[in-house]
Amino acid sequence: VKESDEWRIFLNWAAGIKIPLRLELAHAAGLDVALSTSEVVVQPGDLFELTLKIKNRSTLPVTVRIGHLVEPKEIADYLDFVQCGFLLPLTLEPGKAEDYSSTYVVRASVPEGVRRLTLTYNVRLAK
């Protein structure tokens, strides 16, 4: 930011940490999966909630596993699951849609300068 004749550094700490959300569906044939949002911006220490909607388009019950991948890996331990409705395998009846929610927090101790994490949900049929 330029003030008068001097330049000053503006770090915009209040902007929060941006967390884009992604779905990996390569092994989820027969399912429709959607996230409640594609991105959240949070302050360290604040809770945030996400909803995953899954619909079984097949004519048979299916069991689904959902994995979480947080990147960059060296910052992953600063994102904590407070409550997660899909840590265990889920069974969906034919033609049914269900909503599953999870609550997270970025620890207040996250290193200074971290402005972005990526959270990817890997949805796959259980064997």
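Thr103 counts as buried at 15% relative accessibility (buried is under 20% relative accessible area, exposed over 50%, partly exposed in between, with a 1.4 Å probe and protein chains only). Thr103 sits in strand E10, residues 97–106. Strands (E, at least two residues) and helices (H or I, at least four) are DSSP runs, numbered from the N terminus. Beyond its neighbours within four places in sequence, Thr103 is in contact with Leu47, Phe48, Glu49, Asp80, Phe81, Val82 and Gln83; contact means heavy atoms within 4.5 Å.

The model is predicted: local features need pLDDT of at least 70, side-chain atom pairs count only at pLDDT 80 or more, and totals for chains, interfaces and linings use all residues. Residues are numbered from 1 along each chain as its sequence is written, and side-chain values use heavy atoms, with hydrogens and water left out.

**Overall build**

- The protein has 11 strands and zero helices.
- Read from the N terminus, the elements run β-β-β-β-β-β-β-β-β-β-β.
- The radius of gyration is 18 Å, whereas a compact globule of 127 residues would have one near 14 Å. This radius is taken over C-alpha atoms, and the globule rule is 2.2 Å times the number of residues to the power 0.38.
- Along the principal axes, the C-alpha atoms fill a box of roughly 70 × 25 × 20 Å.
- Of the 127 residues, 33% are buried.
- Among contacts with a separation of 6 or more, 72% are between residues 24 or more positions apart.
- The accessible surface comes to about 7900 Å², and carbon and sulfur atoms account for 51% of that surface. Areas come from the Shrake-Rupley method with a 1.4 Å probe; for residues, only the protein chains shown count as cover.

**The four-stranded sheet**

- Four strands form an open sheet in the order E4-E6-E10-E8, with antiparallel pairing. Two strands pair if DSSP finds at least two bridges between them.
- Strands E4 (31–35) and E8 (79–84) are the edges; each has a single partner strand, so one side of each is left without a neighbour in the sheet.
- Neighbouring strands of this sheet are turned by 25° against each other on average, direction ignored. Axes are lines fitted to C-alpha atoms, for helices over the stretch in contact, and angles run from 0 to 180 degrees between N-to-C directions.
- E4 and strand E6 (residues 47–56) pair in the antiparallel sense over five bridges.
- Leu35 stands opposite Leu52 in E6.

**Aromatic cluster**

- The count comes to three aromatic pairs. Rings of Phe, Tyr and Trp (its six-membered ring) pair if their centres lie within 6.5 Å; planes under 30 degrees apart count as stacked, over 60 as edge-to-face and the rest as tilted.
- Phe48 and Tyr104 form a stacked pair, 5.4 Å centre to centre with 25° between the planes.
- This pair links distant parts of the chain: Phe48 lies in strand E6 and Tyr104 in strand E10, 56 residues apart.
- Phe48 is buried at a relative accessible area of 7%, and Tyr104 is buried at 0%.
- Phe81 and Tyr104 form a tilted pair, 5.2 Å centre to centre with 55° between the planes.
- That pair also links distant parts of the chain, with Phe81 in strand E8 and Tyr104 in strand E10, 23 residues apart.
- Phe81 counts as partly exposed, at 38% relative accessibility.
- Ring pairs join Phe48, Phe81 and Tyr104 into a cluster.

**The five-stranded sheet**

- Five strands form an open sheet in the order E5-E3-E11-E7-E9, and the pairing is mixed.
- Strand E5 (39–42) and strand E9 (90–92) are the edge strands, each pairing on one side only.
- Neighbouring strands here are turned by 30° against each other on average, direction ignored.
- Strand E7 (residues 62–71) and strand E11 (residues 118–125) pair in the antiparallel sense over eight bridges.
- Val64 stands opposite Leu125 in E11.

**Asn122 in strand E11**

- Asn122 lies in strand E11 and counts as partly exposed at 22% relative accessibility.
- Not counting residues up to four places away in sequence, Asn122 touches Glu24, Arg65, Ile66 and Gly67.
- The C-alpha atoms of Asn122 and Ala26 are separated by 8.4 Å, while the two residues are 96 residues apart along the chain.
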